[in-house]
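Below are my notes, in the order I went through them.

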Amino acid sequence: MKTEFSDSVNFISKLNFRKIFNVFLIYKSYFISRILKKPVHWGMPVSASIEATTNCNLQCPECPSGLRKFSRATGTIDLSHFQKYLEPLEKYLSYLMIYFQGEPYLNKQFFELVKYAVSKKIFTATSTNGHFLDDENARQTVESGLDRLIISLDGTDQESYSAYRVNGDFEKVISGIKNVIEWKKKLKSNKPYVILQFLVLKTNEHKVAEITELSKHLGVDKLQLKTAQFYDFKNGNALMPDNVAYSRYIKNADGTYSLKKKIKNHCLRMWQSLVITWDGRVVPCCFDKDATNQMGDLNKSSFKEIWKSNEYKALRKQILKDRKKIMICNNCTE
């Protein structure tokens with residue numbers, strides 16, 4: 001497995017004075033806000049996520065895409081709207097995730113989205129369940145210039161994998177990973193940087209040592225163990241791992257569960273990043289999967305109007321005052 005050095009060098013190569021100065025403005029205003037306990041905000045987003053689609057081929061039990069339980073409209077972004085939403089941000093963004101909910105490879109224009117973002121010299125990433133990385137898509141993935149590819153693999157065999165990835169095919173994902181690695185070699189490319197993401201659950205926590213060996217065998221660049229988010233965690237969940245080291249929750253004396261990390265009254269995400277849904281709604285972060293905290297609609301308002309709006313100011317003020325009162329923050333590890 002490689003170090004992260006090449007990935008870091010690639011990221012730095014896409015920076016320029018405007019982007020670096022923008023990062024300075026964001027961080028300076030963020031720390032001033034924490035000191036003054038009132039929102040001061042300068043600069044434009046440093047990072048963003050744009051949703052490729054809400055559609056998914058799997059039915060994971062803790063995912064609104066998988067459960068088909070969105071209360072918001074569902075659909076797929078097209079290239080023209082992607083360009084429209086990205087245009088006011090492209091000069092400032094250091095990082096773009098073409099993903100929010102759903103499986104991005106189900107968007108038939110996915111590679112066009114990637115190529116457009118790459119042409120704007122933005123470090124570009126996506127996250128996939130790996131079922132659509134056949135030989136042709138793997139080749140196009142490498143040729144698109146995508147900088148980082150996160151592939152979810154939550155098991156080391158079909159049984160442990162499909163316990164959570166309902167309708168998933170373990171061998172198909174393994175084949176997809178091999179295809180990407182092989183095309184990187186054929187095209188002599190160090191991109192995309194491939195991260196194998198392992199969501200640790202009760203059903204697979206005994207497989208951590210095996211996934212570590214498997215990731216080395218497959219030749220991915222990095223293995224990332226991830227704690228699982230549960231919507232209704234207070235009374236526990238059958239999928240919660242027994243090993244507390246792999247859980248974002250801890251059991252209390254009364255038998256209920258709470259976040260291990262204390263919810264503090266600050267959050268850098270609210271200053272430096274945002275999420276844009278497939279249909280142009282701006283939400284504050286990736287924990288707002290159902291877009292219940294909409295800051296605005298890019299089809300009705302300009303981005304700067306939304307980014308500097310009273311709604312955003314009120315949210316940032318609440319973050320600094322009493323973050324626990326914000327619903328999406330009560331399941332956050334930030």
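**Ground rules**

I am working with a predicted model, where local features need pLDDT of at least 70, side-chain atom pairs count only at pLDDT 80 or more, and totals for chains, interfaces and linings use all residues. Residues are numbered from 1 along each chain as its sequence is written, and side-chain values use heavy atoms, with hydrogens and water left out.

**Salt bridges**

I looked up the salt bridges (a side-chain nitrogen of Lys or Arg within 4 Å of a carboxyl oxygen of Asp or Glu) and found 15 in the structure. Side chains of opposite charge can pair when their charged atoms come close.

I went to lysine 14 and its partner aspartate 147, where the closest N and O atoms are 3.6 Å apart. Lysine 14 sits in the loop between α1 (5–13) and α2 (17–36), and aspartate 147 in the loop between α6 (135–143) and β4 (148–152), so this bridge ties together parts that are 133 residues apart in sequence. For the element names, helices (H or I, at least four residues) and strands (E, at least two) are DSSP runs, numbered from the N terminus.

Are lysine 14 and aspartate 147 buried or exposed? Both are buried, with buried meaning under 20% relative accessible area, exposed over 50% and partly exposed in between (1.4 Å probe, protein chains only). For lysine 14 the value is 14%.

I also checked the contacts of lysine 14 (heavy atoms within 4.5 Å). Not counting residues up to four places away in sequence, lysine 14 touches Lys19, Lys121, Ile122, Phe123, Asp147 and Lys191. Lys191 turns up again in a network of salt bridges that links it with Lys14 and Asp147.

Next I took lysine 120, which forms a salt bridge with glutamate 90, the closest N and O atoms being 3.8 Å apart. Lysine 120 is in the loop between α5 (110–119) and β3 (123–128) and glutamate 90 in the loop between α4 (79–86) and β2 (95–97), so the pair ties together parts 30 residues apart in sequence. Lysine 120 is partly exposed at 31% relative accessible area, whereas glutamate 90 is buried at 13%.

My last pair was arginine 165 with aspartate 154, where the closest N and O atoms are 2.5 Å apart. Arginine 165 lies in the loop between α7 (158–162) and α8 (170–186) and aspartate 154 in the loop between β4 and α7, so the parts tied together are eleven residues apart in sequence. Arginine 165 is buried at 13% relative accessible area, and aspartate 154 is buried at 1%.

**Nonpolar cores**

A nonpolar core here is a set of buried Ala, Val, Leu, Ile, Met, Phe, Trp, Tyr and Cys residues joined through side-chain atoms within 4.5 Å. Which members of the largest nonpolar core touch the most other members? Out of 88 residues, they are Phe82, Leu86, Leu96, Leu153 and Ile177.

I followed leucine 86 and, leaving aside its neighbours within four places in sequence, found contacts with Ile50, Leu93, Leu96, Tyr116, Ala117 and Ile122. Another core, of seven residues, lies apart from the largest one and includes Tyr95, Met97, Phe123 and Ile150.

On a 1 Å grid over the protein atoms alone, a cavity is a set of points where a 1.4 Å probe fits but cannot get out; a pocket is an open set with protein on both sides within 12 Å along at least five of seven lines, and lining residues have an atom within 4 Å of a point. Grid points are joined across faces, edges and corners, and a volume is the space filled by probe spheres set on the points.

I looked at the second largest pocket, which holds about 450 Å³ of space. Its lining has 20 residues, with Gln229, Tyr231, Phe287, Met327 and Asn331 nearest the centre. By class the lining splits into nine nonpolar, four polar and seven charged residues. In that scheme Ala, Val, Leu, Ile, Met, Phe, Trp, Tyr, Cys and Pro count as nonpolar, Asp, Glu, Lys and Arg as charged, and the others, Gly among them, as polar.

I found two cavities of 30 Å³ or more. The second largest cavity has a volume of about 30 Å³, and its lining includes Asp147 and Lys191. Helix α1 gives the most to that lining, with three residues.

**Two single residues**

Glutamine 101 lies in the loop between β2 and α5 and is buried at 5% relative accessibility. Phenylalanine 111 is in helix α5 and is buried too, at 12%.
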